[in-house]
Amino acid sequence: MAAPLTLLLIVAVTIRAVLFRSSLAELILERVEVVSPLNAWKRVVEGLALLDLGVSPYSGDVFHETPLMIYLFHFMVDYAEIVFMVTDGLTAVALYLSIQTYNKNVFRKQKYALESDRYPADCLELLRSPKEMFYIPLKVAMFYLLNPFTILSCVAKSTCGLNNAIIALFILCTLKGSALLSGILLALATYQSIYPLTLFAPALLFFLQRLYIPVNLRRSSFWFFTLQYAFIYVGSLVVITGLSFFLLGSWDFIPSVYGFIFSVPDLTPNIGLFWYFFAEMFEHFRLFFICVFQINVFFYTIPLSIKLKEHPVFLIFMQIAIISIFKSYPTVGDVALYMAFLPAWSHLYRFLRNIFLVSCVLLACSALFPVLWHLWIYAGSANSNFYYAITLLFNFGQVKGPILISHFT
Amino acid sequence: MQWQSTDVEVNRSDGTKNSETFTPAPAKDQFQEELVIRPLHSGDIYASFQFRTLWDTDFLQEGQKKVSHYRLFPKSLGQVLSKFSVQELHISFTQGFWRTMQWGQPFIPSPPGAELWVWFHHTVSDVDGNWKELTNVLSGIFCASLNFIDMTNTVQPSASFKPLGLGNATDHRFLRYATLPREIVCTENLTPWKKLLPCGSKAGLAVLMKSEKLFHSSFHSQAVHIRPICQASFFSKSWELRQTLNVVFDHYTSGQGKKEWSLFKMFSRTLTEACPLASSSKVYVDITDNPEGELFELSPATPLLSQAVVLGDRRTYSVYDLTRAETFGQLRSFNLLLRWKGDSGDMLRPLLHAERYVAGFGLQTGEIHTVIYNNHPYRAFPVLLMDSVPWYLQLYIHTLTVTSKSRDNKPSYIHYQPAKDRHRPHLLEMLIQLPPHSMTEVTVQFERALLKWTEYTPDPNHGFYVGSSVISALVPSMVAMSTNFTQDQPLFSSFVPVKEESSYFVRVYTEPLLVNLPTPDFSMPYNVICLTCTVVAVGYGSFYNLLTRTFQVDEPSPPLAKRLANFIRRIRGVPLLA
């Protein structure tokens, strides 16, 4: 399967290169749907310029990237386009390999279940054949690389692409069974933006399932493995944070990056629900609603883990979807990551009720975002309510989409 | 000697006293007033009043009894200085914008709106606390809304505002600078300002200050400058309070008739006497352009002439001394009359001039362009540009470009302090070398932020003001400046200390900017909260359903008729149907 994948990579790189060289690149760089104050390329360049001037990048409120990102781009700022294209390719390859491994697991389980006659008679049509599962990894890679959201995110040089790559590599390492690498990559993903913390639970469940350790709170083997994995994770996180401290010599980056993510001071419009809500919030209730919105991201982890403990990969998909809908500064790059997983469950498509409606809603919203932004900001004939309405609709569609699929797993 | 004997006398007569109630003989203080009238080339008149009080005392010395006997120096300002340990205070209120290209350089420049900069004494421990209280107290003294000055519009310039009086201050932690471009000046501000004068508005030059005439002008600026200076004759530090009022009347350009002015026409009053408390009271009229009397005619004529080098130019003035009774003539009233005879030629172009504007379209991004002109034919000189931009316009310093004569001109010193949202504004200071006879353009891009709905002013679509940029420079002078400081020097030429002969200090303020920010809909808070919470609740509801729903096999329920029949049968106690 190397040849079709290589062809896909070449096509994807060509599209991105063409767009990089066209005049659309500057336009896309400033679109608020594609970049947010957390991952805009303009702000990375600004942070590096501040560093050159001798001022700490975190002394102002423009730069919100982590110090390791400064370190990386200090050397790579001239090759930024190549870095982002390579990152996208890496993500696609990682997703391809992980879905391949997943499919092998699923097929093997199916074979054992079939041999032990565990399936009732009328379910036979749901069984999957190797033939139809053969092309799924390629479809996943294609869904990621040729997704317009991903292409826009790459051309805008948004560091969301780097975050996606780290999460994809984490998924790959988890599915391959390497707890050490998985812990380190999860720590790196958490360090970049705090929300991947919720992926700890599905990764843990996957490892427990793989090592045949029953998920029973009274068994010592469960605790033994959990503590091991938690130790790897927390240890890597501490090491990475300490490294960042020594890089710039101060803890300034913690309030600038993590404080910024949690307290949402910047109200730049984006495709999420937070900005207008907090722009129109009564000052008295601001803290309360910030807490409510942030808890909303984390609090589905435990119930979903309990319900979906037999399907950890699906749980990962659900968690990524929840993060990208409810995080404080979402962009289309986050949406693209979980959309890439959809072909993995293509056998369920005929049972989904509103798939047509949901996909129409998402398509229409994506088309209307730039239109209503132009009307508000440039033409002056609309106001912020129009853009806000489309934001609401987009998030409503996103919320309904993964839920639909989850009904049938 | 006289001082000492008075001391001894009082001591003997008062007997034992504790030092709190013993007041020394009043310190030496003097008051001077002057009015400079300069006819401008555009046909307008520039009138500049200056009132100076010099007092040989020390507000800031520790261990000494508090100064309590005020004579010429206003008590309200003296108490402010000692309470907040102020080393230097400069405050100005301006209505209108000074047009350098048409009017030349002003004696004392000021930006539109209110501007306040203060150097605190180096013994102050909490400068921010003192600053906050000081602005509130000054707001009360001048009836202005200076209480809007807070940490979001205060900056600490590192190089642009060096002390104008004594003081070897190099630590800019003790300097605070703030400007309120939106502040409007009116009679309410003029009245307390006039009250600070020793004679009030009852005698001397201050009787000319009638607000209905003063505010009917192109430019009106009133200022108070307090600084410690060194008096050559006393070898001691004394405090100087200068109150200045600059006004440009536009009777000609606003079409009010022929080019003829008198004090009565400009101020609707004439002068009847000098202020009795003043040691000198003079009126200067700039007649440099009129050596033979061919341009305009001045009456009453005066034999007194004075020459002064001010702003790099040697100017000749007709002097009228109001302390002499013959100035007022038989009618006991002095009304200066100026009648234009011919057309004035071209004005000497000011050597340093600047403009600023916002470029771009839409409510997302924009660009600030500052254009500085160096009109000197062969000399290049450096200028210090200071920009203070509010935090809601996010500057991107990597887009800063400085070009002179379409070539890149890298500044030799850049001090940039980025803004912290809702805490402090951006501060950008640059030292730029201006090539001779050239135009230098400084551009920087910014992004407009969306604010919380409570942070907008009641008229959000008016826009938000960005304070003027300040350009400070030592401009090479064509004429040698005098570095000696004498008591007889006219006030308008002694405001800025001259350190060297070949250049003079100039400060140019650019226009303030007005930028629009994107606004949310202010009528929508409740609706927004409801709708957003609805979407989140839909998500929550779907998840809840997903997580708690269990599937059971269910018997189809019997039709209604059968159920009713079974119900009746149960009551009767008869076996039920299938």
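Tutor: Two strands count as a pair if DSSP finds at least two bridges between them. The model discussed here is predicted.

Student: Which residue of E21(B) does Met386(B) stand opposite?

Tutor: Start with the two strands, E17 (residues 381-389) and E21 (residues 426-434) of chain B. Nine bridges join them and they run antiparallel, so they meet the requirement of at least two bridges. Across this pairing, the residue in E21(B) opposite Met386(B) is Glu429(B).

Student: What is the order of the strands in the open sheet of five strands in chain B?

Tutor: The pairing in this sheet is antiparallel. The edge strands, each pairing on one side only, are E20 and E25 (503-509) of chain B. From one strand to the next, the twist averages 15°. Read across the sheet, the order is E20-E21-E17-E24-E25.

Student: Which are the edge strands of the open sheet of three strands in chain B?

Tutor: This sheet has antiparallel pairing and the order E9-E14-E11. Neighbouring strands are turned by 10° against each other on average, direction ignored. Two strands of chain B pair on one side only, and these edge strands are E9 (260-262) and E11 (296-299).

Student: Is the peptide bond from Ser299(B) to Pro300(B) cis or trans?

Tutor: Pro300(B) lies in the loop between E11 and strand E12 (305-310) of chain B. Most peptide bonds are trans. For the bond from Ser299(B) to Pro300(B), omega is near 0°, and the bond is cis.

Student: Is phi of Ser268(B) positive or negative?

Tutor: Ser268(B) sits in the loop between helix H7 (263-267) and strand E10 (280-286) of chain B. Most residues other than glycine have a negative phi. Ser268(B) is a residue other than glycine, but its phi, near 55°, is positive.

Student: How much area do chain B and chain A bury between them?

Tutor: Chain B brings 47 residues to the contact and chain A brings 57. In chain B, Gln364(B), Leu450(B) and Phe543(B) lose the most area to chain A, together 14% of what that side buries. Carbon and sulfur atoms carry 65% of the buried area, and the area itself is about 4,800 Å².

Student: Which element gives the most to the side of chain B that touches chain A?

Tutor: The elements giving two or more residues to this side are strands E18 (393-404), E20 (413-417) and E22 (438-448), and helix H8 (525-548), of chain B. By class, this side has 28 nonpolar, eleven polar and eight charged residues. With 15 residues, the element that gives the most is H8(B).

Student: How many salt bridges does the rule find across the interface of chain B and chain A?

Tutor: One joins the side chains of Lys452(B) and Glu283(A), at 3.6 Å from N to O. Another joins Lys42(A) to Glu447(B), where the closest N and O atoms are 3.8 Å apart. Both distances fall within the limit of 4 Å. Across the interface, the number of salt bridges found is two.

Student: Which strand of chain B holds Glu447(B), the partner of Lys42(A)?

Tutor: The search of the whole structure finds 22 salt bridges over all chains, and Lys42(A) with Glu447(B) forms a salt bridge. This pair crosses between chains, with Lys42(A) in helix H3 (residues 41-53) of chain A. On the side of chain B, Glu447(B) is in strand E22.

Notes
Residues numbered from 1 in each chain as written. Chains lettered and ligands numbered in written order. Predicted model: local features only at pLDDT ≥ 70, side-chain atom pairs only at ≥ 80, totals over all residues. Heavy atoms only, no water. Helix = DSSP H or I, 4+ residues; strand = E, 2+ residues; numbered from the N terminus. Axes fitted to C-alpha atoms, helices over the stretch in contact; angles between N-to-C directions. Contact = heavy atoms within 4.5 Å. Buried area = accessible area lost by both parts, 1.4 Å probe. Nonpolar A, V, L, I, M, F, W, Y, C, P; charged D, E, K, R; others polar.
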